[in-house]
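Welcome, and thank you for stopping by.

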Amino acid sequence: MEETPKNHIQPISEDGMYAVLNSGELMPLLGLGTWKSKEGEVRTAVEVAIRNGYRHIDCASAYGNEAEVGWAISNMVKAGKVTRDDLFVTSKLWNTHHAAKDVMPALEKSLKVGTVSIKCVGFQLHPIYVTF
């Protein structure tokens, strides 16, 4: 059997609960997806998920519910159920925003969801490149 190079990052954590990203950060493999979540219901879904141990929340500006997701995260942080640093929030840079002039405005829109300000792309918000 071939020996793993020392600088090789394993794609899954030893406990099998996280994907190891190239940055070394751990992304929980189980997450709450918010696509097609109904207005007025996604906030409750995110709050219930966080109360029940979910730490990965997946959203996208195109879903039209990031503000509600942000409010839910803010509520859970204020209630002391979780800290913002405990959460791994993913979003997407939609195909219509790939032109150089459109990238930062699109990310900045995702960086401010509800009352949650996500200050640093790559550390707090993890944009996912999606192609169709």
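## A walk through the model

Visitor: Is leucine 93 buried or exposed?
Guide: Let's start with a residue in strand 5, since that is where leucine 93 lies. Its relative accessibility is 14%, and buried means under 20%. Leucine 93 therefore counts as buried.

Visitor: How far apart in space are leucine 93 and methionine 104, C-alpha to C-alpha?
Guide: Along the sequence, leucine 93 and methionine 104 are 11 residues apart. In space, from C-alpha to C-alpha, the separation is 9.7 Å.

Visitor: What is the average pLDDT of the protein?
Guide: Good thing to ask, as this is a predicted model. In the protein, 76% of the residues score at least 70. The average pLDDT is 78.

Visitor: Is isoleucine 57 buried or exposed?
Guide: You will find isoleucine 57 in strand 4. Leaving aside neighbours within four places in sequence, isoleucine 57 is in contact with Leu32, Thr34, Val46, Ile50, Val69, Phe88, Val89 and Thr90. Because its relative accessibility is 0%, isoleucine 57 counts as buried.

Visitor: How far apart in space are isoleucine 57 and valine 46?
Guide: In sequence, 11 residues separate isoleucine 57 and valine 46. Going from C-alpha to C-alpha, the distance in space is 7.6 Å.

Visitor: Which residues is serine 61 in contact with, leaving aside neighbours within four places in sequence?
Guide: Serine 61 sits in the loop between strand 4 and helix 2, and is partly exposed, with a relative accessible area of 27%. Its C-alpha atom is 6.1 Å from that of serine 110, although these two are 49 residues apart along the chain. The contacts of serine 61 are Glu66, Ser91, Lys109 and Ser110.

Visitor: What kind of aromatic pair do tyrosine 63 and tryptophan 94 form?
Guide: The structure holds 1 aromatic pair. Its rings are 6.4 Å apart, centre to centre, with 80 degrees between the planes. Planes over 60 degrees apart count as edge-to-face, so the pair of tyrosine 63 and tryptophan 94 is edge-to-face.

Visitor: Where in the chain are the two partners of that pair?
Guide: The pair links distant parts of the chain, 31 residues apart. Tryptophan 94 counts as partly exposed, at 29% relative accessibility. Tyrosine 63 is in the loop between strand 4 and helix 2, and tryptophan 94 is in the loop between strand 5 and helix 3.

Visitor: What is the phi of lysine 36?
Guide: Lysine 36 belongs to the loop between strand 3 and helix 1, and is exposed, with a relative accessible area of 63%. Most residues other than glycine have a negative phi. Lysine 36 has a positive value, near 65 degrees.

Visitor: How many nonpolar residues are in the lining of the largest pocket?
Guide: About 150 Å³ of space lies in this pocket. Its lining consists of Met17, Tyr18, Pro28, Leu29, Leu30, Gly53, Tyr54, Arg55 and His56. By class, 1 is charged, 2 are polar, and the number of nonpolar residues is 6.

Conventions:
Residues are numbered from 1 along each chain as its sequence is written. This is a predicted model: local features need pLDDT of at least 70, side-chain atom pairs count only at pLDDT 80 or more; totals for chains, interfaces and linings use all residues. Side-chain values use heavy atoms; hydrogens and water are left out. On a 1 Å grid over the protein atoms alone, a cavity is a set of points where a 1.4 Å probe fits but cannot get out, and a pocket is an open set with protein on both sides within 12 Å along at least five of seven lines; lining residues have an atom within 4 Å of a point. Grid points are joined across faces, edges and corners, and a volume is the space filled by probe spheres set on the points. Ala, Val, Leu, Ile, Met, Phe, Trp, Tyr, Cys and Pro count as nonpolar, Asp, Glu, Lys and Arg as charged, and the others, Gly among them, as polar. pLDDT is the predictor's confidence in each residue, from 0 to 100. Rings of Phe, Tyr and Trp (its six-membered ring) pair if their centres lie within 6.5 Å; planes under 30 degrees apart count as stacked, over 60 as edge-to-face and the rest as tilted. Helices (H or I, at least four residues) and strands (E, at least two) are DSSP runs, numbered from the N terminus. Buried means under 20% relative accessible area, exposed over 50%, partly exposed in between (1.4 Å probe, protein chains only). Contact means heavy atoms within 4.5 Å.
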